[in-house]
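Biologist: I would like to learn how to read a few features of a model. Could we take them one at a time, with the general idea ahead of the case?

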Amino acid sequence: MKRILGIALAILTASAALVVAPTPVHADDCVAVPMDVQLNQFPLMPDLAKRFNGSDDAQVGGRCIRVSVSAKSSGAAATLLEHGWPHPAENGPKPVVWSPAATAWKSVLNQRLADKGQPQMAPDGTPVMVSPLVIAMPQTMAKALGWPDTPIGYSDILRLATDPNGWGGYGHPEWGQFRLGKTNPNFSTSGLSSLVAQYYAFAGKQDGLSLEDIENTDVDQKARDVESAVVHYGDTTLTFLNHLYEADARGAPLTYASAVAVEEQSVVNYNNGNPDGKLDPGEKPEPPHEKLVAIYPKEGTLFSDNPYIVLDAKWVSADQKQAAAKFGEYVQRPANQRLALRYGFRPGNSSVALGAPIDVKHGLDPAQPQATTLGQPDPAVLKALIDRWNTVRKGARVLMVIDESGSMISPATRRATKLDLAKDGASDSLGQFRPDDEVGIWAFSTKIGPDAHPDYIEVSRITPRGDDITRLRELIAALQPTNGTPLYDIGREAYDAVDAEYDDSRINAVVLLSDGHDQGSKSSLSDLRDYLQQKSESVTAPPVRIFTIAYGADADVNAMQQIAKATNGAYYDATDPSTIVDVLNAVISNF
């Protein structure tokens with residue numbers, strides 16, 4: 001649980017909660033209804049809140065009602081609620097209404113509270129909008145499996161994941177091994193739903209998944225086999241969808257991931273040319289060359305129902321409950337439910353008919369899913385599944401590369417330098433790895449190493465982290481600021497070092513933290529980017545992922561973004577040095 005809370009709070013800080021506030025009012029004027037929703041409910045729910053706040057419906061007991069909406073991942077919000085929603089100044093106001101992506105999170109929260117002997121907080125809720133879990137695949141690959149005429153499911157994923165010939169078993173050796181994108185079920189609903197669905201499939205059941213089922217040796221092995229095909233994890237599906245889209249733009253749409261477990265709505269966004277579901281000012285969506293299609297697993301699937309839950313929390317007043325109920329009624333009106341279609345969701349109100357974009361044009365089948373909707377496991381089983389995932393997930397092989405250039409001596413707070421905080425973050429993040437995960441540490445700066453490799457010191461070679469991490473923490477604590485920042489050269493050297501001993505059974509990655517612009521590299525950013533991009537598009541040699549952290553106000557954000565993008569990794573922003581502990585923990589959620 002400590003690990004889950006640590007990463008949850010990390011992701012919240014690293015990702016900065018989205019908040020949409022209505023016209024400011026004095027607290028005494030209106031009944032405030034703070035609402036926390038799953039990220040994919042933006043911008044629909046803020047739109048509805050704005051309409052409601054400006055309507056005659058926004059009154060209760062002679063007082064006006066003001067709904068404000070913030071967004072966090074469902075798992076992170078569940079963890080905050082479990083702990084009483086600490087630090088509202090940082091995490092946003094304590095919610096009156098919670099709308100996670102799926103009812104499963106309500107069960108997880110209530111079970112965690114029950115395990116502590118505390119009362120349940122989340123009663124049943126009414127679906128706001130629904131979206132079935134699908135397996136999204138590039139259309140060309142789906143057709144190779146027989147789509148749309150042949151039913152496809154987790155048994156096919158298992159077969160592809162375990163076939164040493166990969167796509168060669170389906171007549172396409174040029175596509176290499178099967179590669180699966182999945183999110184971390186501690187935070188992501190698609191990750192949790194796909195975990196539940198695959199255990200159901202391998203247990204041969206569609207309802208009543210039990211603790212005995214998930215502990216079954218055969219079921220457990222099949223789960224491990226599926227996880228073995230994962231490219232890396234993460235807290236949301238947006239990383240996978242953005243990388244697929246970027247690969248498509250480069251003319252290499254089949255080189256990143258063969259399939260990604262997502263909600264149906266994500267397929268709509270992707271095929272509309274808006275993979276992350278939001279457009280920057282002036283940005284025009286460009287549909288991809290290779291469309292994704294939604295595969296509805298033949299063994300059955302689950303729906304993300306986005307329940308509208310008025311919390312039974314000690315901070316929620318009777319007036320707030322009444323006000324929240326009025327907004328809930330407003331959301332369910334047919335005219336408002338039809339707005340869900342505009343954002344790629346199926347209406348939660350079943351009386352509202354389906355229409356575009358739930359159609360073939362957008363890669364979907366409105367008649368699906370025809371297979372059974374899987375039963376919601378008991379809360380204890382859901383909690384056990386999340387706990388078990390950490391033992392069956394794909395292992396990690398990670399090289400942490402830490403900048404110890406002279407600029408790292410700059411003060412970050414009154415009592416600590418940037419390097420001090422970076423060392424604290426690196427030490428803390430070690431606890432998020434499993435003992436059998438392999439971790440190495442480099443420190444880099446100009447002219448600090450031997451003649452063969454002058455720009456870095458191997459603090460600790462890549463070895464299993466082990467149960468005792470004291471040695472690694474002592475080595476990190478000994479780092480001292482020195483010279484310049486050979487960012488581009490170290491990016492290539494670190495990549496090559498991990499690539500040279502690539503382990504197919506693990507997620508192979510570099511975590512690169514730097515606080516400045518390049519100094520002293522022999523190569524340029526474009527040289528490094530082109531080299532890494534060429535590597536990442538190989539189907540015969542799976543690429544190493546680089547996860548970059550721009551640290552401090554002087555960090556080269558553009559360079560760090562390009563380095564991560566070139567390897568289909570992810571970029572993290574720690575330009576505020578005080579966030580580095582949380583950001584590093586968020587990075588580790590990918591492994």
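Biologist: Where does Pro369 lie?

Modeller: This is a predicted model. In it, Pro369 lies in the loop between strand 13 and helix 15. Strand 13 covers residues 346-347 and helix 15 covers 379-392. Pro357 is found in that loop too.

Biologist: Is Asn306 buried or exposed?

Modeller: The cut-off for buried is under 20% relative accessible area. Asn306 has 0% relative accessibility, so it counts as buried.

Biologist: Let us turn to disulfides. How many does the structure hold?

Modeller: In general, a disulfide is a covalent bond between the sulfur atoms of two cysteines. This structure holds 1. It is formed by Cys30 and Cys64, with the sulfur atoms 1.9 Å apart. The pair links distant parts of the chain, 34 residues apart: Cys30 belongs to strand 2 (residues 30-37) and Cys64 to strand 4 (residues 63-71).

Biologist: Why is the disulfide of Cys30 and Cys64 called left-handed?

Modeller: The handedness follows from the torsion about the S-S bond, which is about -90° for Cys30 and Cys64, so the disulfide is left-handed. The two cysteines can also be read by accessibility. Cys30 is buried at 4% relative accessible area, whereas Cys64 has 22% relative accessibility and counts as partly exposed.

Biologist: What does Lys298 touch, leaving out residues up to four places away in sequence?

Modeller: Lys298 touches Pro151, Ile152, Gly153, Ser155, Asp156 and Ala371. Pro151 is 147 residues from Lys298 in sequence, yet their C-alpha atoms are 5.7 Å apart. Lys298 lies in the loop between strand 10 (292-295) and strand 11 (303-304). Its relative accessibility is 35%, so Lys298 counts as partly exposed.

Biologist: Where is Asp220, and what surrounds it?

Modeller: Asp220 is in helix 10 (residues 217-227). With 9% relative accessibility, Asp220 counts as buried. Beyond residues up to four places away in sequence, Asp220 touches Tyr199, Ile214, Arg388 and Val392.

Biologist: Now the whole chain. How does the radius of gyration compare with that of a compact globule?

Modeller: For 591 residues, a compact globule would have a radius near 25 Å; the protein has 24 Å, which agrees. Along the principal axes, the C-alpha atoms fill a box of roughly 75 × 60 × 50 Å. The protein has 21 helices and 19 strands, and buried residues make up 58% of its 591 residues.

Biologist: What share of the contacts with a separation of 6 or more joins residues 24 or more positions apart?

Modeller: That share is 77% in the protein.

Biologist: And how should I read the surface and the charges?

Modeller: The accessible surface comes to about 22800 Å², and 49% of it belongs to carbon and sulfur atoms. For the charges, compare mean positions: those of the 53 positive and 72 negative charges are 3 Å apart.

Note on methods: Residues are numbered from 1 along each chain as its sequence is written. This is a predicted model: local features need pLDDT of at least 70, side-chain atom pairs count only at pLDDT 80 or more; totals for chains, interfaces and linings use all residues. Side-chain values use heavy atoms; hydrogens and water are left out. A disulfide is a pair of cysteine sulfur atoms within 2.5 Å. Helices (H or I, at least four residues) and strands (E, at least two) are DSSP runs, numbered from the N terminus. Buried means under 20% relative accessible area, exposed over 50%, partly exposed in between (1.4 Å probe, protein chains only). The radius of gyration is taken over C-alpha atoms; the globule rule is 2.2 Å times the number of residues to the power 0.38. Contact means heavy atoms within 4.5 Å. Accessible areas come from the Shrake-Rupley method with a 1.4 Å probe; for residues, only the protein chains shown count as cover. Lys and Arg count as positive and Asp and Glu as negative; His and the chain ends are not counted. The place of a charge is taken as NZ of Lys, CZ of Arg, CG of Asp or CD of Glu.
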